[in-house]
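Hi everyone, thanks for coming.

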Amino acid sequence: MPKVFKPDYKNCRVIIDATDFVVEQPSTIEQRVKFYSHYKKGCRIKIVIGCSPCGLITFVSKSHGGRATDAQITISSGLLDILEPGDSVLADKGLPQIKTLLDDSGRNILLVMPPFKHDEHFTEDQIDSTFGIAKVRVHIERIMQRICVYKIVDKFSTEMLPYCDQIICMCCVLISYTSNVFVKTKVSGFCL
């Protein structure tokens with residue numbers, strides 16, 4: 001467990017986030033509807049990636065069309081089923097449904113997300129909390145950035161779609177074996 005996690009997130013099992021990749025526009029209307037992302041204004045596939053606090057990729061979901069939400073992908077991926085009581089999961093703001101599911105399960109699994117802004121401004125405690133979470137979540141951001149280094153994921157052709165899960169998985173394996181996400185980086189006066 002890296003030192004940066006020990007004060008507040010010593011029970012962190014996984015850091016999760018979703019990412020997407022460009023897909024060539026499919027020929028059928030059904031596929032276009034499935035893959036079109038209104039948010040990104042184009043055809044995409046999306047996955048959820050999980051990494052351990054030490055920076056190894058420990059979970060990669062199957063790909064979904066760009067229309068799927070981060071919560072839908074996380075739920076269908078089976079990730080929640082393999083979590084154990086007492087685990088903490090660090091995530092982005094886009095997963096409040098997951099928090100509700102975990103809270104209702106009674107399994108004592110904590111989902112840690114940055115706070116939502118309810119008024120015009122964040123309170124000082126919310127700012128501190130957001131910074132604390134971002135300081136440790138940066139590792140998943142680095143991993144997602146490294147996946148994009150592999151040119152094969154720049155744009156999936158329709159012929160590649162049946163193989164996209166294997167291609168993405170292999171990129172993740174290569175990242176886990178060749179990269180160190182704990183590169184000294186100066187962020188607002190802190191060395192990560």
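Let's start with a term: a polar contact is a pair of N or O atoms within 3.5 Å, where, within protein, one must be able to donate a hydrogen and the other to accept it, and residues adjacent in sequence count only if both atoms are side-chain atoms. Before we use it, a word on the model: it's predicted, so local features need pLDDT of at least 70 and side-chain atom pairs count only at pLDDT 80 or more, while totals for chains, interfaces and linings use all residues. Residues are numbered from 1 along each chain as its sequence is written, and side-chain values use heavy atoms, with hydrogens and water left out.

Okay, first stop. Which backbone oxygen does the side chain of Thr-74 reach? That of Asp-70, at 2.8 Å. Thr-74 sits in helix α2, residues 70–77. Helices here are DSSP runs of H or I with at least four residues, strands are runs of E with at least two, and both are numbered from the N terminus. Thr-74 is also buried, at 1% relative accessible area. For that label, buried means under 20%, exposed means over 50%, and partly exposed is in between, using a 1.4 Å probe and protein chains only.

So who's around Thr-74? Contact means heavy atoms within 4.5 Å. Skipping neighbours within four places in sequence, Thr-74 has contacts that include Ile-16, Val-48 and Leu-95.

Ile-16 turns up again at our next stop, among the residues that Arg-137 touches. Arg-137 is in helix α5. Is Arg-137 buried or exposed? Buried, with 7% relative accessibility. Beyond residues up to four places away in sequence, its contacts also include Asp-17, Asp-92 and Leu-90.

Let's follow Leu-90, then. You'll find Leu-90 in strand β6, residues 88–90, and its relative accessibility is 0%, so it counts as buried. Leu-90 and Leu-110 are 20 residues apart in sequence, and their C-alpha atoms are 8.5 Å apart in space.

Now for some rings. How many aromatic pairs does a search of the whole structure find? One. Phe-21 and Phe-156 make that pair, edge-to-face, 6.1 Å centre to centre with 80° between the planes. Phe-21 is in strand β1 (residues 12–22) and Phe-156 is in the loop between α5 (124–147) and α6, so the pair ties together parts 135 residues apart in sequence. As for the cut-offs, rings of Phe, Tyr and Trp (its six-membered ring) pair if their centres lie within 6.5 Å; planes under 30 degrees apart are stacked, over 60 edge-to-face, and the rest tilted. Phe-21 is buried at 2% relative accessible area, and Phe-156 is buried at 0%.

Last stop, the loops. Most residues other than glycine have a negative phi. Lys-41, which isn't a glycine, has a positive phi near 60°. Look for Lys-41 in the loop between β2 (36–37) and β3 (42–51), where it's exposed at 64% relative accessibility. Asn-108 has a positive phi too, about 60°. That residue, Asn-108, lies in the loop between α4 (96–105) and β7 (110–112), and with 61% relative accessible area it's exposed.
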